[in-house]
Amino acid sequence: MMYPKGEKFQYNNTGYVLLAMIKEKMTGIYFDQYLKENIFDVCGMKSTGYYELDRLPAKCTNNYIYCADTKDYRTNIFSVDVKGTGAGGAFIAVKDIIRFWTNLLEGNLISKSYVSDMLSKQSRNGDDAEEGYYGYGMKQI
């Protein structure tokens, strides 16, 4: 830990990578396959998946990030993993985002009680518009 408990918060993706590795060990299947079977398929998210950057499916777009030194956009292939991890990296279509949130909020993935806990404010005060505040596993802006 970087700070004593309750003193300060700093986001770190490492915990999500570790959780995905634990899930793989528990289930015996790769994390991306687990998500496909237990989240994406359940929600009807047919245009979502974890894909290798050199094997993107048809109609899949490249990601771009803003490059401050050139004041232009460039692909982010050298800024992300070759394939997503527990810390992120799924390719997702807008309609699939709606399918995910609808299923999540309706309690089809976890109980509505857990959803409420997940979305409850846990750190930050929300004064900073860019930072928002954090719930359990969810950044609120």
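**Close-up 1. Helix α3 (residues 94-105) packs on helix α4 (residues 112-119) at an angle of about 115°, with the axes 9 Å apart.** Axes here are lines fitted to C-alpha atoms, for helices over the stretch in contact, and angles run from 0 to 180 degrees between N-to-C directions. That makes α3 roughly perpendicular to α4 (the word covers 65 to 115 degrees). Helices themselves are DSSP runs of H or I with at least four residues, numbered from the N terminus. This is a predicted model, where local features need pLDDT of at least 70, side-chain atom pairs count only at pLDDT 80 or more, and totals for chains, interfaces and linings use all residues. Residues are numbered from 1 along each chain as its sequence is written, and side-chain values use heavy atoms, with hydrogens and water left out.

**Close-up 2. Here's who meets whom between α3 and α4.** From α3 come Trp101, Leu104 and Leu105; from α4, Lys112, Val115, Met118 and Leu119. Contact means heavy atoms within 4.5 Å. By class, six of the contact residues are nonpolar, none polar and one charged. Ala, Val, Leu, Ile, Met, Phe, Trp, Tyr, Cys and Pro count as nonpolar, Asp, Glu, Lys and Arg as charged, and the others, Gly among them, as polar.

**Close-up 3. Helix α1 covers residues 14-27.** The expected span is 1.5 Å times one less than the number of residues.

Definitions and conventions. Helix = DSSP H or I, 4+ residues; strand = E, 2+ residues; numbered from the N terminus. Parallel < 35°, antiparallel > 145°, perpendicular 65-115°, else oblique.
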